[in-house]
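User: Can you walk me through this one? I'm new to reading models.
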Amino acid sequence: MKKIALFLLLAAVLPVRGQIQAVLRVVEAHNAGLSAARHSAEAGKMEAKTANNLSDPEITYDYLWGSPSGNMQEVNATQSFDFPSMYARRGQLSDTLARQYDAEWNALRTSTLLEAQTTCIEIVALRMEQQVLERTARNDSLLAAAYSKKLDAGDGTMPELNRARIAAARSSREARLGLSRIAAQYAVLSRLASGAPVSFADREFTPAAPLPPIEGMLARYNRADPSIAAMESRFEAARLQSKVAKASSLPKLLVGYRGEFSGPEKLNGIKAGISVPIFANKSNVKRAQANELAAMNESRDLKITIGARLQQLYDYAAATMDCIDAHRGIVSTASNTEMLSRALEAGQISLLEYLDGVASYNELELSLIGLEKEYRLCVAEILKLDL
(Lines give C-alpha, C1' and ligand atoms only; values in the text may rest on other atoms or scores of the structure.)
Protein backbone atom coordinates (compact mmCIF):
# COMPACT_ATOMS: atom_id res chain seq x y z
CA MET A 1 0.00 0.00 0.00
CA LYS A 2 2.86 2.36 0.82
CA LYS A 3 4.47 1.62 -2.54
CA ILE A 4 1.20 2.45 -4.31
CA ALA A 5 0.89 5.73 -2.40
CA LEU A 6 4.48 6.65 -3.23
CA PHE A 7 3.91 5.81 -6.90
CA LEU A 8 0.79 8.00 -7.03
CA LEU A 9 2.67 10.84 -5.36
CA LEU A 10 5.57 10.67 -7.78
CA ALA A 11 3.17 10.45 -10.73
CA ALA A 12 1.60 13.71 -9.64
CA VAL A 13 4.83 15.48 -8.73
CA LEU A 14 6.97 14.39 -11.68
CA PRO A 15 5.21 16.75 -14.17
CA VAL A 16 6.25 19.67 -11.98
CA ARG A 17 9.79 18.34 -11.69
CA GLY A 18 9.92 17.60 -15.41
CA GLN A 19 9.32 21.27 -16.16
CA ILE A 20 12.28 22.34 -14.03
CA GLN A 21 14.47 19.34 -14.85
CA ALA A 22 16.39 21.36 -17.42
CA VAL A 23 17.13 24.04 -14.82
CA LEU A 24 18.44 21.44 -12.37
CA ARG A 25 20.67 19.86 -15.01
CA VAL A 26 22.14 23.25 -15.92
CA VAL A 27 22.84 23.96 -12.26
CA GLU A 28 24.40 20.54 -11.73
CA ALA A 29 26.60 20.88 -14.81
CA HIS A 30 27.83 24.43 -14.15
CA ASN A 31 27.71 25.06 -10.39
CA ALA A 32 31.24 26.05 -9.38
CA GLY A 33 30.77 24.92 -5.78
CA LEU A 34 29.83 21.39 -6.87
CA SER A 35 32.80 21.26 -9.23
CA ALA A 36 35.19 22.45 -6.54
CA ALA A 37 33.77 19.96 -4.03
CA ARG A 38 34.16 17.11 -6.53
CA HIS A 39 37.84 17.93 -7.09
CA SER A 40 38.34 18.32 -3.34
CA ALA A 41 36.78 14.89 -2.78
CA GLU A 42 39.08 13.31 -5.36
CA ALA A 43 42.07 14.98 -3.72
CA GLY A 44 40.96 13.65 -0.34
CA LYS A 45 40.69 10.11 -1.73
CA MET A 46 44.19 10.28 -3.19
CA GLU A 47 45.55 11.67 0.09
CA ALA A 48 43.95 8.79 2.01
CA LYS A 49 45.54 6.26 -0.36
CA THR A 50 48.91 7.98 -0.17
CA ALA A 51 48.87 7.66 3.64
CA ASN A 52 49.03 3.88 3.23
CA ASN A 53 52.09 3.85 0.98
CA LEU A 54 55.49 2.60 2.08
CA SER A 55 57.85 5.22 3.38
CA ASP A 56 60.61 6.30 1.01
CA PRO A 57 63.82 4.23 1.03
CA GLU A 58 66.91 5.97 2.33
CA ILE A 59 70.33 5.68 0.66
CA THR A 60 73.46 7.28 2.10
CA TYR A 61 77.07 7.39 0.98
CA ASP A 62 79.98 8.28 3.31
CA TYR A 63 83.54 9.06 2.30
CA LEU A 64 86.08 9.38 5.10
CA TRP A 65 89.70 10.49 4.81
CA GLY A 66 92.11 8.75 7.14
CA SER A 67 95.76 8.17 7.90
CA PRO A 68 97.72 5.93 8.00
CA SER A 69 95.12 3.30 7.09
CA GLY A 70 93.85 5.30 4.14
CA ASN A 71 90.42 6.46 3.07
CA MET A 72 87.17 4.62 3.76
CA GLN A 73 83.86 4.55 1.90
CA GLU A 74 80.52 3.40 3.25
CA VAL A 75 77.15 2.82 1.51
CA ASN A 76 73.83 2.33 3.34
CA ALA A 77 70.41 1.56 1.80
CA THR A 78 67.49 1.08 4.19
CA GLN A 79 63.72 0.67 4.04
CA SER A 80 61.34 0.94 7.01
CA PHE A 81 58.08 -1.03 7.32
CA ASP A 82 55.05 -1.06 9.56
CA PHE A 83 53.57 -4.29 10.77
CA PRO A 84 51.39 -5.87 8.02
CA SER A 85 48.19 -5.36 10.05
CA MET A 86 48.76 -1.59 9.84
CA TYR A 87 48.52 -1.60 6.05
CA ALA A 88 45.29 -3.62 6.16
CA ARG A 89 43.70 -1.22 8.64
CA ARG A 90 44.85 1.86 6.79
CA GLY A 91 43.46 0.34 3.59
CA GLN A 92 40.06 -0.05 5.26
CA LEU A 93 40.34 3.53 6.52
CA SER A 94 41.13 4.75 3.00
CA ASP A 95 38.05 3.01 1.56
CA THR A 96 35.84 4.42 4.31
CA LEU A 97 37.15 7.95 3.77
CA ALA A 98 36.45 7.59 0.04
CA ARG A 99 32.82 6.70 0.82
CA GLN A 100 32.64 9.65 3.21
CA TYR A 101 33.93 12.10 0.59
CA ASP A 102 31.46 10.78 -2.00
CA ALA A 103 28.55 11.03 0.45
CA GLU A 104 29.53 14.58 1.44
CA TRP A 105 29.58 15.58 -2.23
CA ASN A 106 26.18 13.96 -2.79
CA ALA A 107 24.81 15.85 0.22
CA LEU A 108 26.11 19.12 -1.22
CA ARG A 109 24.63 18.23 -4.63
CA THR A 110 21.25 17.49 -3.07
CA SER A 111 21.17 20.77 -1.13
CA THR A 112 22.27 22.75 -4.20
CA LEU A 113 19.63 21.21 -6.47
CA LEU A 114 17.01 21.63 -3.74
CA GLU A 115 17.86 25.32 -3.57
CA ALA A 116 17.48 25.54 -7.35
CA GLN A 117 14.12 23.75 -7.21
CA THR A 118 12.79 25.93 -4.39
CA THR A 119 13.94 29.00 -6.33
CA CYS A 120 11.88 27.82 -9.32
CA ILE A 121 8.88 27.37 -7.01
CA GLU A 122 9.41 30.89 -5.70
CA ILE A 123 9.51 32.23 -9.27
CA VAL A 124 6.25 30.49 -10.19
CA ALA A 125 4.56 31.90 -7.07
CA LEU A 126 5.87 35.40 -7.78
CA ARG A 127 4.63 35.20 -11.36
CA MET A 128 1.18 34.17 -10.14
CA GLU A 129 1.23 37.05 -7.66
CA GLN A 130 2.39 39.36 -10.45
CA GLN A 131 -0.73 38.53 -12.46
CA VAL A 132 -2.85 39.69 -9.53
CA LEU A 133 -0.77 42.84 -9.02
CA GLU A 134 -0.79 43.80 -12.69
CA ARG A 135 -4.54 43.18 -12.99
CA THR A 136 -5.10 45.41 -9.97
CA ALA A 137 -2.80 48.09 -11.38
CA ARG A 138 -4.67 48.09 -14.72
CA ASN A 139 -8.07 48.28 -13.05
CA ASP A 140 -6.98 51.05 -10.66
CA SER A 141 -5.48 53.02 -13.55
CA LEU A 142 -8.73 52.73 -15.53
CA LEU A 143 -10.69 53.68 -12.42
CA ALA A 144 -8.58 56.81 -11.86
CA ALA A 145 -9.06 57.81 -15.51
CA ALA A 146 -12.83 57.24 -15.22
CA TYR A 147 -13.11 59.40 -12.10
CA SER A 148 -11.07 62.09 -13.77
CA LYS A 149 -13.62 62.14 -16.61
CA LYS A 150 -16.49 62.15 -14.11
CA LEU A 151 -14.98 65.14 -12.36
CA ASP A 152 -14.61 66.96 -15.67
CA ALA A 153 -18.25 66.19 -16.42
CA GLY A 154 -19.32 67.49 -13.02
CA ASP A 155 -20.46 64.09 -11.71
CA GLY A 156 -17.52 63.28 -9.45
CA THR A 157 -15.74 64.84 -6.52
CA MET A 158 -12.10 65.67 -5.95
CA PRO A 159 -11.78 63.42 -2.82
CA GLU A 160 -12.97 60.46 -4.86
CA LEU A 161 -10.50 61.25 -7.63
CA ASN A 162 -7.69 61.56 -5.11
CA ARG A 163 -8.59 58.16 -3.60
CA ALA A 164 -8.59 56.59 -7.05
CA ARG A 165 -5.24 58.15 -7.95
CA ILE A 166 -3.68 57.04 -4.67
CA ALA A 167 -4.93 53.49 -5.23
CA ALA A 168 -3.56 53.52 -8.80
CA ALA A 169 -0.16 54.76 -7.63
CA ARG A 170 -0.02 52.16 -4.88
CA SER A 171 -0.96 49.24 -7.14
CA SER A 172 1.45 50.43 -9.85
CA ARG A 173 4.25 50.54 -7.29
CA GLU A 174 3.44 47.02 -6.06
CA ALA A 175 3.48 45.71 -9.62
CA ARG A 176 6.91 47.22 -10.26
CA LEU A 177 8.24 45.80 -6.98
CA GLY A 178 6.85 42.40 -7.99
CA LEU A 179 8.95 42.46 -11.16
CA SER A 180 12.05 43.27 -9.11
CA ARG A 181 11.35 40.31 -6.80
CA ILE A 182 11.14 37.98 -9.82
CA ALA A 183 14.41 39.40 -11.13
CA ALA A 184 16.02 38.78 -7.73
CA GLN A 185 15.03 35.09 -7.85
CA TYR A 186 16.41 34.83 -11.38
CA ALA A 187 19.68 36.22 -10.01
CA VAL A 188 19.68 33.35 -7.49
CA LEU A 189 19.26 30.85 -10.34
CA SER A 190 22.08 32.53 -12.24
CA ARG A 191 24.32 32.28 -9.18
CA LEU A 192 23.50 28.62 -8.72
CA ALA A 193 24.33 28.00 -12.38
CA SER A 194 27.56 30.05 -11.99
CA GLY A 195 26.49 32.44 -14.73
CA ALA A 196 25.38 29.84 -17.28
CA PRO A 197 22.18 30.76 -19.21
CA VAL A 198 19.04 29.54 -17.42
CA SER A 199 15.57 29.53 -18.96
CA PHE A 200 12.44 28.91 -16.88
CA ALA A 201 8.99 29.94 -18.13
CA ASP A 202 6.49 28.19 -15.81
CA ARG A 203 3.68 30.46 -14.63
CA GLU A 204 1.26 28.09 -12.87
CA PHE A 205 1.45 25.33 -10.28
CA THR A 206 0.24 21.88 -11.24
CA PRO A 207 -2.33 20.16 -8.96
CA ALA A 208 -0.85 19.25 -5.59
CA ALA A 209 -0.52 15.63 -4.51
CA PRO A 210 -0.86 14.05 -1.05
CA LEU A 211 2.27 12.92 0.71
CA PRO A 212 3.13 9.25 1.34
CA PRO A 213 3.18 7.89 4.93
CA ILE A 214 5.95 9.37 7.02
CA GLU A 215 7.11 5.97 8.29
CA GLY A 216 8.21 4.81 4.85
CA MET A 217 9.83 8.15 4.08
CA LEU A 218 11.75 8.14 7.36
CA ALA A 219 13.04 4.63 6.63
CA ARG A 220 14.13 5.81 3.20
CA TYR A 221 15.98 8.78 4.68
CA ASN A 222 17.83 6.54 7.13
CA ARG A 223 18.78 4.30 4.23
CA ALA A 224 19.56 6.79 1.45
CA ASP A 225 20.11 10.30 2.82
CA PRO A 226 23.66 11.30 1.78
CA SER A 227 24.15 13.46 4.88
CA ILE A 228 23.41 10.44 7.09
CA ALA A 229 25.66 8.26 4.91
CA ALA A 230 28.46 10.83 5.24
CA MET A 231 28.11 10.96 9.02
CA GLU A 232 28.03 7.16 9.32
CA SER A 233 31.17 6.95 7.16
CA ARG A 234 32.79 9.56 9.36
CA PHE A 235 31.97 7.49 12.45
CA GLU A 236 33.35 4.35 10.78
CA ALA A 237 36.49 6.27 9.77
CA ALA A 238 36.94 7.48 13.35
CA ARG A 239 36.55 3.90 14.62
CA LEU A 240 39.18 2.66 12.17
CA GLN A 241 41.44 5.59 13.01
CA SER A 242 41.25 4.51 16.64
CA LYS A 243 42.42 1.03 15.63
CA VAL A 244 45.20 2.51 13.51
CA ALA A 245 46.32 4.65 16.46
CA LYS A 246 46.47 1.59 18.70
CA ALA A 247 48.42 -0.37 16.08
CA SER A 248 50.83 2.55 15.73
CA SER A 249 52.26 1.70 19.12
CA LEU A 250 53.85 -1.39 17.57
CA PRO A 251 57.53 -1.03 16.60
CA LYS A 252 58.46 -0.25 13.00
CA LEU A 253 60.85 -2.56 11.21
CA LEU A 254 63.92 -1.43 9.33
CA VAL A 255 65.99 -3.59 6.92
CA GLY A 256 68.65 -2.68 4.43
CA TYR A 257 72.14 -3.13 3.01
CA ARG A 258 75.47 -1.84 4.30
CA GLY A 259 78.75 -1.83 2.43
CA GLU A 260 82.12 -0.66 3.77
CA PHE A 261 85.21 -0.27 1.62
CA SER A 262 88.61 0.49 3.13
CA GLY A 263 91.55 0.05 0.79
CA PRO A 264 91.63 -3.49 -0.55
CA GLU A 265 89.24 -4.65 2.14
CA LYS A 266 85.53 -4.78 1.23
CA LEU A 267 82.74 -5.58 3.64
CA ASN A 268 79.09 -6.24 2.64
CA GLY A 269 76.22 -7.06 4.91
CA ILE A 270 72.63 -6.47 5.98
CA LYS A 271 71.23 -3.89 8.30
CA ALA A 272 68.17 -4.46 10.53
CA GLY A 273 66.54 -2.56 13.33
CA ILE A 274 63.32 -1.45 14.97
CA SER A 275 61.85 1.96 15.82
CA VAL A 276 59.99 2.04 19.13
CA PRO A 277 57.27 4.77 19.14
CA ILE A 278 57.71 5.98 22.70
CA PHE A 279 57.11 9.70 22.11
CA ALA A 280 55.62 10.14 18.63
CA ASN A 281 52.42 8.18 19.41
CA LYS A 282 51.77 9.85 22.74
CA SER A 283 48.04 10.67 23.28
CA ASN A 284 47.16 9.60 19.70
CA VAL A 285 45.00 6.72 20.94
CA LYS A 286 43.06 8.95 23.35
CA ARG A 287 42.57 11.56 20.66
CA ALA A 288 41.31 8.95 18.18
CA GLN A 289 38.92 7.49 20.77
CA ALA A 290 37.56 10.97 21.55
CA ASN A 291 36.97 11.56 17.82
CA GLU A 292 35.18 8.21 17.60
CA LEU A 293 32.83 9.11 20.44
CA ALA A 294 32.18 12.54 18.94
CA ALA A 295 31.37 11.06 15.52
CA MET A 296 29.05 8.46 17.09
CA ASN A 297 27.09 11.12 18.98
CA GLU A 298 26.95 13.42 15.96
CA SER A 299 25.59 10.58 13.83
CA ARG A 300 22.91 9.82 16.39
CA ASP A 301 22.02 13.51 16.73
CA LEU A 302 21.79 13.94 12.94
CA LYS A 303 19.31 11.07 12.62
CA ILE A 304 17.17 12.54 15.40
CA THR A 305 17.34 16.00 13.79
CA ILE A 306 16.36 14.67 10.38
CA GLY A 307 13.47 12.68 11.85
CA ALA A 308 12.22 15.74 13.73
CA ARG A 309 12.55 17.92 10.62
CA LEU A 310 10.64 15.37 8.55
CA GLN A 311 7.84 15.27 11.13
CA GLN A 312 7.78 19.07 11.16
CA LEU A 313 7.49 19.19 7.37
CA TYR A 314 4.69 16.63 7.34
CA ASP A 315 2.74 18.50 10.03
CA TYR A 316 3.21 21.83 8.27
CA ALA A 317 2.25 20.35 4.90
CA ALA A 318 -0.94 18.87 6.37
CA ALA A 319 -1.90 22.18 8.00
CA THR A 320 -1.10 24.07 4.81
CA MET A 321 -3.22 21.74 2.70
CA ASP A 322 -6.18 22.25 5.07
CA CYS A 323 -5.77 26.02 4.68
CA ILE A 324 -5.53 25.65 0.89
CA ASP A 325 -8.82 23.75 0.77
CA ALA A 326 -10.51 26.37 2.94
CA HIS A 327 -9.14 29.27 0.88
CA ARG A 328 -10.19 27.67 -2.39
CA GLY A 329 -13.74 27.41 -1.14
CA ILE A 330 -13.76 31.07 -0.11
CA VAL A 331 -12.16 32.27 -3.38
CA SER A 332 -14.67 30.35 -5.46
CA THR A 333 -17.61 32.01 -3.69
CA ALA A 334 -16.19 35.48 -3.00
CA SER A 335 -16.98 38.41 -5.26
CA ASN A 336 -14.35 39.09 -7.87
CA THR A 337 -13.13 42.44 -9.15
CA GLU A 338 -15.42 42.41 -12.20
CA MET A 339 -18.52 42.11 -10.02
CA LEU A 340 -17.24 44.90 -7.79
CA SER A 341 -16.64 47.09 -10.86
CA ARG A 342 -20.18 46.56 -12.09
CA ALA A 343 -21.57 47.35 -8.65
CA LEU A 344 -19.52 50.55 -8.54
CA GLU A 345 -20.67 51.64 -11.99
CA ALA A 346 -24.28 50.96 -11.02
CA GLY A 347 -23.87 53.08 -7.90
CA GLN A 348 -24.58 50.13 -5.59
CA ILE A 349 -21.34 50.63 -3.65
CA SER A 350 -19.11 53.62 -2.97
CA LEU A 351 -15.54 54.02 -4.19
CA LEU A 352 -14.25 53.32 -0.69
CA GLU A 353 -16.27 50.09 -0.53
CA TYR A 354 -14.99 49.10 -3.95
CA LEU A 355 -11.34 49.63 -3.02
CA ASP A 356 -11.81 47.79 0.25
CA GLY A 357 -13.51 44.87 -1.53
CA VAL A 358 -10.79 44.64 -4.18
CA ALA A 359 -8.05 44.77 -1.53
CA SER A 360 -9.75 41.98 0.47
CA TYR A 361 -10.20 39.79 -2.60
CA ASN A 362 -6.60 40.35 -3.76
CA GLU A 363 -5.34 39.58 -0.27
CA LEU A 364 -7.28 36.32 -0.37
CA GLU A 365 -5.86 35.41 -3.78
CA LEU A 366 -2.30 36.24 -2.72
CA SER A 367 -2.75 34.26 0.49
CA LEU A 368 -3.88 31.22 -1.52
CA ILE A 369 -0.85 31.54 -3.80
CA GLY A 370 1.41 31.77 -0.74
CA LEU A 371 -0.14 28.63 0.75
CA GLU A 372 0.27 26.76 -2.55
CA LYS A 373 3.92 27.79 -2.59
CA GLU A 374 4.51 26.73 1.01
CA TYR A 375 2.99 23.30 0.38
CA ARG A 376 5.17 22.73 -2.67
CA LEU A 377 8.26 23.87 -0.79
CA CYS A 378 7.47 21.24 1.86
CA VAL A 379 6.98 18.55 -0.77
CA ALA A 380 10.21 19.55 -2.51
CA GLU A 381 12.23 19.26 0.72
CA ILE A 382 10.62 15.96 1.68
CA LEU A 383 11.32 14.47 -1.76
CA LYS A 384 14.81 15.94 -2.12
CA LEU A 385 16.32 12.45 -2.31
CA ASP A 386 14.76 12.14 -5.79
CA LEU A 387 16.83 15.01 -7.18
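Analyst: Let's start with one residue. Y63 is partly exposed, because its relative accessible area is 34%. Buried means under 20% relative accessible area, exposed means over 50%, and partly exposed is in between (1.4 Å probe, protein chains only). A note on the basis: this is a predicted model, where local features need pLDDT of at least 70, side-chain atom pairs count only at pLDDT 80 or more, and totals for chains, interfaces and linings use all residues. Residues are numbered from 1 along each chain as its sequence is written, and side-chain values use heavy atoms, with hydrogens and water left out.

User: How many aromatic pairs does a search of the whole structure find?
Analyst: One. Y63 and W65 form it, edge-to-face, with 5.0 Å centre to centre and 70° between the planes. Rings of Phe, Tyr and Trp (its six-membered ring) pair if their centres lie within 6.5 Å; planes under 30 degrees apart are stacked, over 60 edge-to-face, and the rest tilted.

User: And is W65 buried or exposed?
Analyst: Exposed, because its relative accessible area is 71%.

User: New topic. How many salt bridges does the structure hold?
Analyst: It holds 21. A salt bridge is a side-chain nitrogen of Lys or Arg within 4 Å of a carboxyl oxygen of Asp or Glu.

User: Why do such side chains pair?
Analyst: Side chains of opposite charge can pair when their charged atoms come close.

User: Which residue meets R328 in a salt bridge?
Analyst: E372, at 2.5 Å, N to O. R328 is in helix α7 and E372 in helix α9, so the pair ties together parts 44 residues apart in sequence. Helices here are DSSP runs (H or I, at least four residues), and strands are E runs of at least two, numbered from the N terminus.

User: Is E372 buried or exposed?
Analyst: Buried, because its relative accessibility is 8%. R328 is partly exposed at 37%.

User: What else does the side chain of E372 do?
Analyst: It makes a polar contact with the side chain of R376, at 2.4 Å. That term means a pair of N or O atoms within 3.5 Å; within protein, one must be able to donate a hydrogen and the other to accept it, and residues adjacent in sequence count only if both atoms are side-chain atoms.

User: Which other salt bridge links distant parts of the chain?
Analyst: One of them joins E232 and K303, with the closest N and O atoms 2.9 Å apart. E232 is in helix α6 and K303 in helix α7, 71 residues apart.
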